[in-house]
Amino acid sequence: MRTADIRSRYLDYFAERGHTVVPSAPLPTPDPTLLFVNAGMVPFKPYLTGEDVAPWNRATSVQKCVRTLDIEEVGVTTRHGSFFQMNGNFSFGDYFKEEAIAYAWELSTAESGYGLDPDRIWVTVHHTDDESREIWRRVAGLPNDRIVARGDEDNFWSMGVPGPCGPCSELYYDRGPALGRAGGPEVDEDRYMEFWNLVFMQYERGDGPGKSGYPILGELPRRNIDTGMGLERMATLLQGVDNLYEIDETRPILDRAAELTGTRYGAAQEDDVRLRVVADHVRTALMLLADGTAPGNEGRGYVLRRILRRAVRAVRLLGHQDPALPELLTVARDCMSPSYPELVADFDRISQQAYGEEDAFRTTLKQGTVVLDTAVAEARAEGVRTLPGAKVFQLHDTYGFPIDLTLEMAAEQGVDVDREGFTTLMNEQRERARADARARKTGSADTTELRSVLDANGPTDWQAWTTLETESRVLALLGPAGPLPVAATGDIVTVVLDRTPFYAESGGQESDAGRLTGSSAEAEVLDVQRPLPGLVVHQVRVTAGELANGDTVRAAVDAEWRLGARQAHSGTHVLHAALRQILGPAALQAGSYNRPGYLRLDFPWRGALGTTVRSEVEEAANRALRHDLPVSASWMTLAEAKEIGALALFGETYGEKVRVVEIGGPWSRELCGGTHVEHSSQVGVVALTGESSVGAGMRRVEAAVGVEGFGYLARERDLVARIAEQLQAPKDQLPDRVAALLDRLKAADRQSAELRRKEAVGRAAELAGAARDIDGTLVVTGTLEGDGGTARELALAVRDRLDARTPAVAAIGAEAEGKGVIVVAVNRAAKDAGTSAATLVKALLSGRGGGSPEVAQGGGLPAAELPTALDRLPTVLRSN
């Protein structure tokens, strides 16, 4: 049975029994404690914990999950996979143990279900749960010796914090004596594979450590059911294969990787591990990209980047040096699309990001490997077997080498890594970033205090969509040290109001500006954020008087600021639609930022947009403004929004009801919580000001809108007029005139460079005559003004003038615009004696450079340091 069929059979079974089929939530989760959904119950967590009321009594889903805590074990064991799918059925105060057990047994064993042999199923129960034991005997007819009692560690579930908890019952399948010892899951969990876990939430736990030892406070008012059946595990059982790497959704990827690399799965353990890494990681990367995660250096983006790079490197270690993802990602798409057809529709965007990341990593490998190899060589030369943490951090921070890649490559060369030193430097960097983010989000206020304000007063009455002004009451004043009774003139504090008209920064739109005015104080609003769901906070500077807790104030948004913000946000939607109109659906917004007068938009695309394409995009955007398209916002369910083609943008979190902003009806439909104009013409103009790369496979367009857009165009017009006046040429002839001037300048530069070259080479005899004998090697050093090409010519000319029978080395430094380059040339006698130009250059420049044993070049140092670097040549020669 195909994995997609197992999935649909599960959903159909529970739908027929009154369960609402809930689509899988996207892998990125709004839960601040998680990067990705890592269990089937995560999207249902608010309903299971009682934080929210479930909209259904019964639900079922097949949830996409990613876990990366054991990523180093992926491929090493056949039980670890970073991406998996969890089939679940849930009851919210409806049915309980009897029905959950009966459903699991029927679906597992019935011919209309999965048809597993009932005599090979074992179950476990909590050692205190006699009720479940009795239900298994009665409903399934299981003998007592196949119902195994286990303790809290295995069969009692909680979230690890005070809240709902309860016993669980797990189903195992005996895969036969060829896979292990007899005796049930307590004896061998390879032979007896767990495939379904039934959690009976019936108690509330108190505070305590770990998985046991905490007090049970009593029964829950509503008992819930949370179950999870591993889809890949059931596929392993039903397809008769040994592990998840061999099921129909992963084995074709593994086989294609084996074909590309000329290896055979099952022939060598080390190759098998790498093939399994490729199969798992390519599938995981596909699903993460599909759900909007983009490769990056932090958080989710870093996890994806690491997964993609581990896959690429595994392929390279297997012997395939060409780009691999174009071959492998398409296979993964075809494996997964029966369950997720959106992978086909969105594959252009997905593949562009993946292929761009592989291209960037291939460059990273080339550059970083030189640095790593040099660092390893230096460590060995100094008799040290450990790479310092600072060098490892440099590889990560400068060259994009993930720490796990450095660990692997260093281990391959027999060198350890100062992991502790690297971790210290990383933690310092991350803490600086976190501190900046915390200050931005809360104005340095303690989130614990903000939580107390929210709990005591409820959510902020947020009226940014309907008004620019409210009468509000000050609920709290907070500073870095905690609550304040009063804020005086000049103080910058965090203010919580009971209601506000201010837009809090979100969805790429910058927060509103404005003022708070009371009977005894005035304050300027500097920033507005949502540090906690439902709570809006204002960072303000008191400009007059004293602002106190409980004051009534007039909260007023700067109308001009809001108008500019509306123009910019609507302009972002317009530009997004124009990009998709010209480039196609792959140009899907991956990030944006807008403020009055300015917007930027990031989207996946490989290669720069040409002048013609940029003009077409700008024209499409402004045509939409000229047509005065109506702009509207309406609320609907997420399913309804997707049905009409509304775009859900990555990085945003959406509830059951979503706000859809339309510009010209179907021309632009996006889920959005921002503020907008009423008609597209009110944007004024969209003037593209820049287009650039912001990472592998990702482009950024920038534009000025509204008055600022007209101002930008006016400045461009004035600039053209001044150039035309200076060149005394009509405006339409400026490109030809400028091209002619550039040609003349290039010709003059070439002539000047040739004169400098001849002058420099003319010094060869003089420099050769000043050669020094260093332990039997003739050594010449010198500097010149010019580029690396001129330095190379002089170095070769000097070398050729030295006695060919004596080992000789010429090192010439060139300086231009404050930058330095060194070229080293050695003669045949020096090469035969074991002297390498490439080794010397790397030693002189701390690893920066390369070339052949005869001639090598490197740079990357200030010109002022050239003499010092060249002076080290005798010392370097002696150490070699």
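## Reading the model

The expected span of a helix is 1.5 Å times one less than its number of residues. Helices (H or I, at least four residues) and strands (E, at least two) are DSSP runs, numbered from the N terminus. This is a predicted model, in which local features need pLDDT of at least 70 and side-chain atom pairs count only at pLDDT 80 or more, while totals for chains, interfaces and linings use all residues. Residues are numbered from 1 along each chain as its sequence is written, and side-chain values use heavy atoms, leaving out hydrogens and water.

Let's begin with helix H1, residues 3-15. Its 13 residues should span 18 Å at 1.5 Å a residue, and the end C-alpha atoms are 19 Å apart, which agrees. Among the buried residues of H1 are Tyr10 and Phe14; buried means under 20% relative accessible area, exposed over 50%, and partly exposed in between (1.4 Å probe, protein chains only).

Helix H8 covers residues 269-290. H8 is mostly covered, with 19 of its 22 residues buried. Just after H8 comes Gly292, with a positive phi of about 100 degrees.

## The nonpolar cores

A nonpolar core is a set of buried Ala, Val, Leu, Ile, Met, Phe, Trp, Tyr and Cys residues joined through side-chain atoms within 4.5 Å. The largest one here has 109 residues, and Trp136, Trp196 and Leu286 are among those with the most contacts inside it. Helix H8 gives the most to this core, with twelve residues. Apart from it lies another core, of 30 residues, including Val574 and Ile663.

## A buried asparagine

Asn155 lies in helix H5, residues 152-155. Asn155 counts as buried because its relative accessibility is 0%. Its side chain makes a polar contact of 3.0 Å with the side chain of Thr124. A polar contact is a pair of N or O atoms within 3.5 Å; within protein, one must be able to donate a hydrogen and the other to accept it, and residues adjacent in sequence count only if both atoms are side-chain atoms.
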